[in-house]
Amino acid sequence: MGAEQQLYLAPAAWVNGAWAQDVLLTAGADGQWSSIAPNAPADAQRGARRLDGPVVPGLVNGHSHAFQRAMAGLTEHSGAAEDDFWSWRDRMYSAANRITPEQLEAIAAFLYCELLRSGYTHVCEFHYLHNGPEGRPYADPREMSLCLMRAAQRTGIGLTLLPTLYMRSGFGAKTLREDQCRFASTPDSVLRIAELVARQGGRVAAGVAVHSLRAVDEVALRELAAVATGMPVHIHIAEQRREVDDCIEHHGLRPVEWLLAKVALDASWNLVHSTHCTQAELEGLRNRRASIVLCPSTEANLGDGIFDLPAWMGQSGSWAIGSDSHVTRSWQEELRLLEYSQRLGLRQRNVAARAALCESSAAALFEGALEGGSAAAGRPLGGLMAGQRADFLVVDATSSALAGIPPDHLLDALVFSSPAPAFSEVFVAGQAVPAADPAVRAGFVRAMKELWT
Ligand SMILES: [Zn+2]
């Protein structure tokens, strides 16, 4: 973390949902913006480092399972007669059950470098690989959590680590399946990890997660929610129709209905996916100020379904974006896919823009993902504004997608013209992220070889 104030001058910057010119950006020694000054006069620009492209805030990646980066591109052959989320999950478990702490750290470090280069400056790690193979606890119960924290520190990305509660194999079950023993945890063990993570400080924050309603019983869920005060709480919910049907069969309520009825949801809650929700459920979540984390590329890859984006944006619901299984590490692709799935389903154009009462689809999507990021991360990561962490990206002005683009359409091209423009520099907490270390790539390649050959 830098010990001094940093001054930058951006030719253009995305401030409060619009482009501003000649913006003087001042980051304090604490890594947060102390001031953002558009139309800075020449004398105020003295001493500032000139950035060589337009500046946009970094985005939070609200949902990650780092180890699943090792499967990207490896689950696209059709094998079983049924090929759906559940058959994919069995294949994912076969990887989860083999990964060593060293491999997890190598995979996470490579992933976090990729995320940074693609413009994510903070990642929320939904972490349930707690134990060793066959479920034997490690001597230090934080073993796997520490791997993720070291990977984040090595690369410079901000991290909210969400140790995850996982106790049973399905609704009504008492125990885990044999291939789920690495996930075994209790409200107490999860909270202990979260408390140790919270002490780390700096760019690392703590939260907790509940894997899903099927994986946790009501008593344990309430117990964890009651003690996790002041931290973000994440949960996978309503991702799959079968999960919704099982919940109705077991509880007589849909998953989000059940959560609304049984748990004191508030602004600290982040519901991941929420794909299969009714209008009434979405209204209930909005009334409690809960946020939703959407993972469009993974939801498409797994054939989950299409989230009702116009309903949620229409009531100004808070949401963030997550790359989940990491089949893509680009938020530009996530936002594009989020909008395109709506257009295909509704046979309309500019769905997000109309739902958000905003002219530009890209602005509606980018602002939405930006605003929900802070809730997911439990940190002030809301953009170029005093008091927010000084995370920002310099857009590569030489990208072919930007050639001849009028300045007021720059964000539109950044999201909707593909191959998407790259970022020439990435800053976290006011500091430039160093160039990728070749050893990080070599470590990932080695881990992949060990896992798959
Ligand atoms: Zn997930």
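Y93 and F183 are both buried, where buried means under 20% relative accessible area, exposed over 50% and partly exposed in between (1.4 Å probe, protein chains only). The model is predicted: local features need pLDDT of at least 70, side-chain atom pairs count only at pLDDT 80 or more, and totals for chains, interfaces and linings use all residues. Residues are numbered from 1 along each chain as its sequence is written, and side-chain values use heavy atoms, with hydrogens and water left out.

Rings of Phe, Tyr and Trp (its six-membered ring) pair if their centres lie within 6.5 Å; planes under 30 degrees apart count as stacked, over 60 as edge-to-face and the rest as tilted. The count by this rule is 17 aromatic pairs, including these two:

| Pair | Centre to centre | Angle between planes | Class |
|---|---|---|---|
| W14 and F366 | 6.5 Å | 85° | edge-to-face |
| Y93 and F183 | 5.4 Å | 65° | edge-to-face |

Y93 lies in helix α1 and F183 in the loop between β8 (158-165) and α4 (187-200), so this pair ties together parts 90 residues apart in sequence. Helices (H or I, at least four residues) and strands (E, at least two) are DSSP runs, numbered from the N terminus. W14 is buried at 6% relative accessibility, and F366 at 0%. One aromatic cluster consists of W14, W19, W331, F366 and F423.

The zinc ion is coordinated by H63 (NE2), H65 (NE2) and H236 (NE2), at 2.1 to 2.2 Å. Donors are N, O and S atoms within 2.8 Å of the metal (3.2 Å for Na, K and Ca); water is not among the atoms, so sites may look incomplete. H65 is buried at 3% relative accessible area, as is H236 at 9%.
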